[in-house]
Structure formats: structure tokens, C-alpha cells
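Dear colleague,

I am passing this structure on to you, and below it you will find my notes on what turned up. Please keep it open beside the text while you read.

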Amino acid sequence: MQPSLTDRIDAILPQTQCTKCGYDGCRPYAQAIAEEGVPINRCPPGGQAGVKALADLLATAEPPLDLSRGEPGPLLVARIDEDHCIGCTLCIRACPVDAIIGANKRMHTVLPSLCSGCDLCIAPCPVDCIEMVPAGRAWSEQDAQAARARHVDRAARLARDTADNARLMAETPAAPQAPAEPESGVSDATQKRSAIEAALARARARRGQRA
């Protein structure tokens with residue numbers, strides 16, 4: 001089956017899933033280029049070489065890289081200062097390629113061989129314990145393919161979790177309403193008042209007889 005134009009564009013993009021292009025990952029950006037004609041120069045990780053490859057594919061002029069989206073450069077990877085990590089899991093939830101491991105209230109760590117350098121984990125960290133450091137290697141085609149697969153798996157997992165949560169909410173019975181105040185409660189109060197008034201009346205009558 002012939003790959004779609006979106007597939008061919010997506011194959012050129014670096015799959016860092018950094019969202020600097022303004023889209024929620026490389027695939028949505030590829031689709032926007034193919035179907036909406038958005039500019040092809042919005043991918044800093046791809047650099048000018050990526051722009052040229054897209055221009056060649058689409059047989060169009062090669063525009064300069066849009067540097068307002070970020071500067072191209074060598075691959076950086078995230079590193080967590082483990083002495084200051086509080087285990088909040090916010091970075092884990094932000095990572096688009098599942099390159100961070102850890103558990104709630106436990107120290108987290110980044111797997112540098114999987115990190116795409118997207119830096120999406122930086123902003124959510126409440127204690128500012130994550131920094132981007134040189135990876136010491138280039139981002140390869142094999143890295144891109146593996147990152148794409150992890151991103152797809154993550155999206156599928158999140159979709160399942162959302163569906164499961166929605167199903168559980170639908171199956172959870174509504175909380176029982178507090179029972180209305182029984183009418184007998186009002187009668188009991190009235191009976192108590194009547195009994196007290198009757199006892200007082202009898203006491204007054206007895207005092208009157210003695211007088």
C-alpha cells in the first residue's frame with residue numbers, strides 16, 4: 001500500500017515530539033502540512049536539513065528555519081537532580097516518549113538513551129530539579145523510529161486509561177441521598193412537649209389542692 005503524504009512527511013520529521021512546531025507531536029504536524037499546507041519550517045530539532053528534505057518531498061521552495069520556534073543544536077537530554085526530586089510524577093506524565101521512570105513519592109530518573117531532548121519535563125517540575133545536558137551523541141534514524149513507537153504506545157495507553165475511567169464512573173452507583181427526616185421525629189417531639197406540659201399541669205393542680 002502506498003504511504004500517504006502524511007506518512008511520508010512524518011517519516012522525515014525527527015520524532016522528538018517536542019511540540020515546538022505548535023502541534024501535539026510530529027504526526028499532527030505532518031498531517032497539518034499535508035492537509036492544511038502549514039509551513040514546513042517549524043521544526044527546530046530537524047534543523048535546516050529537515051526543512052530541505054520536506055521541501056524536496058513536496059517539490060516546493062525551501063524557506064529558512066523559523067527560529068522563533070527554537071534554535072537547532074546538538075542533542076540535549078534531561079537529567080534529574082535526584083537529591084532534590086520529590087517524586088511528584090509530573091515529569092513522568094509530561095514525557096511524550098516514556099523516557100522517565102519512577103513512582104509517586106519516589107525518586108525519578110531519566111533514561112538518557114530514550115530521551116528525545118524535548119524538554120517538556122522542565123516546566124512541570126515544582127522544585128526545578130531537571131536540567132538539559134549534552135547527550136554526547138547525535139539523534140539517529142533508529143532513535144526516531146523507537147521514539148515514534150513509544151509515543152504511539154503511550155497515546156494508546158492514555159486512551160485506554162481514559163476509557164476505563166469513564167466506564168468506571170458510569171458503572172459507579174450514585175451516592176444514596178440522605179434520608180428525609182421521618183415524620184415520626186416531628187410527632188415524637190410534639191408528644192414530648194405534650195407530656196411535659198401535662199406533667200406540669202398535674203403538678204400545679206396538686207399544689208393547688210394542697211393549698
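Grid points are joined across faces, edges and corners, and a volume is the space filled by probe spheres set on the points.

Please bear in mind that this is a predicted model, in which local features need pLDDT of at least 70 and side-chain atom pairs count only at pLDDT 80 or more, while totals for chains, interfaces and linings use all residues. Residues are numbered from 1 along each chain as its sequence is written, and side-chain values use heavy atoms, with hydrogens and water left out.

The second largest pocket holds about 290 Å³ of space, and among its 17 lining residues Gln17, Asp24, Gly25, His151 and Ala155 lie nearest its centre. Two elements, helix 2 (26–36) and helix 5, each give two or more residues to this lining, and helix 5 gives the most, with six; helices here are DSSP runs (H or I, at least four residues), numbered from the N terminus. The lining divides into seven nonpolar, five polar and five charged residues, where Ala, Val, Leu, Ile, Met, Phe, Trp, Tyr, Cys and Pro count as nonpolar, Asp, Glu, Lys and Arg as charged, and the others, Gly among them, as polar. At least three residues come from each of domain 1 (5–69) and domain 2 (75–160), with bounds taken from an automatic or database domain assignment.

The largest pocket has about 550 Å³ of space, and of the 27 residues that line it, Thr16, Pro44, Pro45, Gly46 and Gly73 lie nearest its centre. Helix 3 (47–58) and helix 5 (141–171) are the elements that give two or more residues to that lining, which divides into 15 nonpolar, eight polar and four charged residues. This lining, too, draws at least three residues from each of domain 1 and domain 2.

The largest cavity contains about 80 Å³ of space, and of its 14 lining residues the closest to its centre are Ala78, Cys95, Cys115, Cys118 and Cys121. Its lining is made up of eleven nonpolar residues, two polar and one charged.

Finally, a word on how helices pack. The axes of helix 1 (residues 5–12) and helix 3 come within 10 Å and cross at roughly 155°, with axes being lines fitted to C-alpha atoms, for helices over the stretch in contact, and angles running from 0 to 180 degrees between N-to-C directions. Helix 1 is therefore roughly antiparallel to helix 3, since angles over 145 degrees count as roughly antiparallel, under 35 as roughly parallel, 65 to 115 as roughly perpendicular and the rest as oblique.

With best wishes

How values were computed
On a 1 Å grid over the protein atoms alone, a cavity is a set of points where a 1.4 Å probe fits but cannot get out, and a pocket is an open set with protein on both sides within 12 Å along at least five of seven lines; lining residues have an atom within 4 Å of a point.
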